[in-house]
Amino acid sequence: MNKKKLLSLLTLGLSASVLLAACGNESEEATSDADETASSTAVESSDTETSSDDFSVVMITDVGGVDDKSFNQSAWEGLTAWGEETGKAKGVGGYEYIQSDNEADFITNLTTGVNNGFDVVFGVGYILKDAMQETASNYPDTLFAIIDDQIEGENTTSVLFADNEAAFLAGVAAAKTTKTNHVGFVGGMEGVVIDRFEAGFYAGVKSVSEDIDVTVQYVGSFADAAQAKSIANGMYSSGVDIIYQAAGNAGNGVFAEARDIVTADPEREIYVIGVDRDQQEEGKLTVDGEERDLTLTSTVKGVGVAAQEIANLAMNGEFPANEVQFLGLAEGGVSLTDGVLSEEAIAAVREAEQAIINGEIEVPETP
């Protein structure tokens with residue numbers, strides 16, 4: 001498999017997805033499919049006629065849910081785009097997802113995907129790694145693709161992202177915006193992947209000023225939005241004015257708390273930094289007839305684009321077997337939106353971005 005081919009497709013696709021997000025969030029259409037969720041033990045066949053090519057793909061979510069407005073949703077939007085591009089129908093024989101309510105569902109859901117005849121089974125999230133590796137070993141005739149971790153085997157492929165690089169840019173943006181000199185980071189579950197987010201954000205903030213305090217807390221879950229909301233309340237109450245959340249579905253609690261605070265006190269100037277996809281819509285609210293946007297910016301990674309292109313490569317007999325793609329700023333795999341950043345902040349972000357691409361800044365991967 002030609003590695004440059006996937007990288008160039010990813011770069012082009014990510015650029016297009018960012019433009020679409022800027023023109024208007026189309027995620028509502030993608031997430032409307034969430035109402036038709038397949039159960040964790042069975043996938044319902046679609047009554048709609050599929051294309052003559054019976055190649056099909058299925059996505060197994062992590063515990064955040066397919067409509068988490070973050071990581072899972074990005075992947076599902078990519079596979080939905082693939083289905084529309086290839087004339088497939090949602091369901092067996094086309095494209096589908098299976099929701100995981102907890103980690104105990106992973107093996108069952110992966111096996112269900114295999115037994116329903118899907119050609120490629122995607123696992124979205126590093127917490128599926130062990131289940132993916134076991135299932136891929138047991139079913140060598142099915143292709144498996146994991147996003148955000150690495151598995152091995154001739155029927156597997158893996159995609160990793162340099163989240164620390166985008167997080168560094170988020171740190172620069174936060175440092176150039178904060179008025180309290182105190183920012184926060186809310187992570188989902190501690191681990192190698194979220195370590196990259198925390199480490200990059202912290203380094204980015206400190207690259208601007210050592211005097212800015214960074215408070216870090218973890219939810220202990222990617223699904224507990226109530227706990228994330230409580231953490232955000234504590235941070236904003238302590239003087240934090242910008243929180244970068246990397247917590248999947250739990251991160252919606254941070255947005256909810258920011259909206260509640262500003263609704264109660266319109267004088268408050270606080271922000272949230274989104275993750276994995278452009279989360280501008282999550283920060284919008286109207287207070288006293290005035291529209292506010294509490295999403296300062298978002299770190300974006302091409303999860304959906306990568307899933308879409310892997311599906312295409314596999315369908316065309318070019319599955320990148322036993323390969324690992326590690327995609328950062330240089331490859332167009334991650335980026336930062338302009339959001340509501342000031343011109344000064346955007347200029348600082350672009351300068352840092354180029355320095356990372358040129359190798360002048362080496363972003364740490366661990367806190």
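This briefing describes pairs of aromatic rings in the structure above. The model is a predicted one, and a search of the whole structure finds nine aromatic pairs in it.

**Tryptophan 76 and tyrosine 95**

- Tryptophan 76 and tyrosine 95 form a tilted aromatic pair, with 5.6 Å from centre to centre and 40° between the planes.
- Because tryptophan 76 belongs to helix α3 (residues 71-86) and tyrosine 95 to strand β2 (residues 95-98), the pair ties together parts that are 19 residues apart in sequence.
- Tryptophan 76 has a relative accessibility of 1% and therefore counts as buried, and tyrosine 95, at 7% relative accessibility, counts as buried as well; the cut-off for buried is under 20% relative accessible area.

**Phenylalanine 185 and phenylalanine 201**

- The ring centres of phenylalanine 185 and phenylalanine 201 lie 6.3 Å apart and their planes meet at 35°, so this pair is tilted, given that angles under 30 degrees count as stacked and those over 60 as edge-to-face.
- This pair links distant parts of the chain, since phenylalanine 185 is found in strand β6 (residues 182-187) and phenylalanine 201 in helix α7 (residues 192-208), 16 residues apart.
- Phenylalanine 185 is buried, with a relative accessible area of 0%, and phenylalanine 201 is likewise buried, its relative accessible area being 0%.

**A cluster of rings**

- Phe185 and Phe201 also belong to a cluster, in which ring pairs link them with Phe197, Tyr218 and Tyr244.

Conventions:
Residues are numbered from 1 along each chain as its sequence is written. This is a predicted model: local features need pLDDT of at least 70, side-chain atom pairs count only at pLDDT 80 or more; totals for chains, interfaces and linings use all residues. Side-chain values use heavy atoms; hydrogens and water are left out. Rings of Phe, Tyr and Trp (its six-membered ring) pair if their centres lie within 6.5 Å; planes under 30 degrees apart count as stacked, over 60 as edge-to-face and the rest as tilted. Helices (H or I, at least four residues) and strands (E, at least two) are DSSP runs, numbered from the N terminus. Buried means under 20% relative accessible area, exposed over 50%, partly exposed in between (1.4 Å probe, protein chains only).
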